[in-house]
Amino acid sequence: MSSKTLEGVRILDLSRVLAAPLASQMLADLGADVIKVERPGTGDESREYGPPFLNDRDGNPTSDAAFYLSCNRNKRSVTVDLASPRGQEIVRRLAADSDVVLENFKTGALKKYGLDYDSLKAVNPRLVYCSITGFGQTGPLAHKPGYDGVFQAMGGMMSVSGLPDDAPGGGPMKVGISIVDILTSLYASNAILAALHHRDVGGGTGQHIDLSLLDCGVASLSHFAMNYLVSGEIPARRGNGGYGGVPSQTFRCADRDLFLTAGNNAQFGRLCLALDRPDIAKDPRFDNTAGRIRNRDALLAMLDAIFATKPASVWLERLDLADVPSSPVNDIADALANPQVVHRQMVREIEHPVAGVLKTLRNPIRLSETPINDYAPPPLVGQHTDQILAAAGYAPEDIETLRQAGVV
């Protein structure tokens with residue numbers, strides 16, 4: 001059985017790079033028919049975001065970067081020159097038979113091509129049109145470009161990531177992955193599903209979704225922002241420590257780092273037993289949650305010294321027996337080889353037309369009645385152009401004429 005959750009939903013994906021393609025990949029995994037519109041010849045610019053590049057069956061690098069492969073599975077690719085009037089007509093024809101248009105061009109860029117929301121709404125009033133931009137459709141910065149790191153900096157995320165200023169290597173730090181793009185993709189897929197529900201179940205119409213990476217980055221501040229709004233105090237950077245119970249952070253062992261959380265009195269008591277230091281749990285400075293937070297520095301100095309005396313494997317075994325949540329700090333190879341991750345089959349092997357076997361991450365959503373089992377490889381540039389245009393009513397000779405003219 002395969003996912004048919006969104007069977008019958010067609011998404012015309014005019015987007016490229018990461019945030020929007022991740023959103024359409026999510027919907028494609030759930031069964032939507034996603035038509036990815038790319039530039040003739042080169043395709044989505046993220047195909048060039050390597051190395052590494054995908055190797056073919058003979059071990060030679062292709063023109064598709066791993067970056068592109070991460071966010072474009074389960075889609076069909078058609079190449080169309082959006083700057084060409086005939087290309088714009090192709091998009092309008094496809095939009096007339098689509099449920100969703102997804103785009104991440106700069107604010108106002110598609111209006112000159114007659115492919116903005118108002119123009120396509122005239123063709124298809126039921127259309128859900130999602131625009132993902134750096135700063136949104138309105139406001140003093142709406143015209144500016146931007147990338148993930150810019151929004152981590154501007155939205156405050158970097159200010160609460162990294163070590164304190166007075167620590168070695170201290171200062172604001174960007175999250176390693178493109179986290180604002182990823183979070184925005186989740187907001188986008190949720191917004192699209194909500195708009196479709198409103199249209200199809202709630203008796204509503206199509207509508208325009210205005211999503212800003214800056215907005216999504218600010219929204220992701222979550223409890224950090226709420227702490228500030230309640231207290232008026234700007235949260236300090238605590239490196240690998242958190243703002244909940246103490247301790248909740250990394251500790252350097254004799255050979256590597258581990259992370260643990262002992263967020264309540266019972267867990268803290270078991271932690272101290274695992275460390276052969278039950279006296280710490282009885283210390284009046286540390287025998288309650290508020291006290292441990294108040295006396296954080298003193299407690300962490302003691303724990304740092306204890307953990308440094310033995311290898312991480314020794315401590316992790318003791319912590320596991322004591323039922324204290326903990327983990328080694330894994331690199332990606334370690335993470336993907338973790339027995340639980342292997343059991344959950346988070347890495348899937350799929351057949352790629354050029355590379356042969358391609359490993360990819362699976363979608364983590366597990367639906368009991370409509371499981372996600374279909375993993376079509378990310379398409380080659382324009383792989384489905386003839387198929388898609390033929391279904392839109394173009395005769396073979398018309399498609400060839402468009403190809404000769406560079407429109408597709």
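Modeller: Let us begin with a definition: a residue is called buried when its relative accessible area is under 20%, exposed when it is over 50%, and partly exposed in between, with a 1.4 Å probe and protein chains only. The model is predicted, so local features need pLDDT of at least 70 and side-chain atom pairs count only at pLDDT 80 or more, while totals for chains, interfaces and linings use all residues. Residues are numbered from 1 along each chain as its sequence is written, and side-chain values use heavy atoms, with hydrogens and water left out.

Colleague: What makes Asp148 a buried residue without a salt bridge?

Modeller: A salt bridge requires a side-chain nitrogen of Lys or Arg within 4 Å of a carboxyl oxygen of Asp or Glu. Lys and Arg count as positive, Asp and Glu as negative, and His and the chain ends are not counted. For the buried Asp148, the nearest side chain of opposite charge is that of Lys174, 4.8 Å away; because the limit is 4 Å, no salt bridge is assigned.

Colleague: Which backbone atom does the side chain of Asp148 reach?

Modeller: The side chain reaches the backbone nitrogen of Val180 at 2.8 Å. Asp148 itself belongs to helix 5, residues 148-154; helices (H or I, at least four residues) and strands (E, at least two) are DSSP runs numbered from the N terminus. With neighbours within four places in sequence left aside, Asp148 is in contact (heavy atoms within 4.5 Å) with Ile177, Ser178, Ile179, Val180 and Asp181.

Colleague: Why is the pair Arg237 and Asp165 called a salt bridge?

Modeller: The closest N and O atoms of Arg237 and Asp165 are 2.4 Å apart, and the rule asks for a distance within 4 Å, so the pair qualifies. Arg237 lies in the loop between helix 8 and strand 9, and Asp165 in the loop between helix 5 and helix 6, so the pair ties together parts that are 72 residues apart in sequence. Arg237, at 13% relative accessibility, counts as buried, whereas Asp165, at 62%, counts as exposed. By this rule the count comes to 22 salt bridges.

Colleague: Why do strand 9 and strand 11 stand at the edges of their sheet?

Modeller: An open sheet is formed by 3 strands in the order 9-10-11, with antiparallel pairing. Strand 9 and strand 11 each have a single partner strand, so one side of each is left without a neighbour in the sheet. Strand 10 (residues 257-261) is joined to strand 11 by 3 bridges, and Leu260 stands opposite Ser326 in strand 11.

Methods:
A polar contact is a pair of N or O atoms within 3.5 Å; within protein, one must be able to donate a hydrogen and the other to accept it, and residues adjacent in sequence count only if both atoms are side-chain atoms. Two strands pair if DSSP finds at least two bridges between them.
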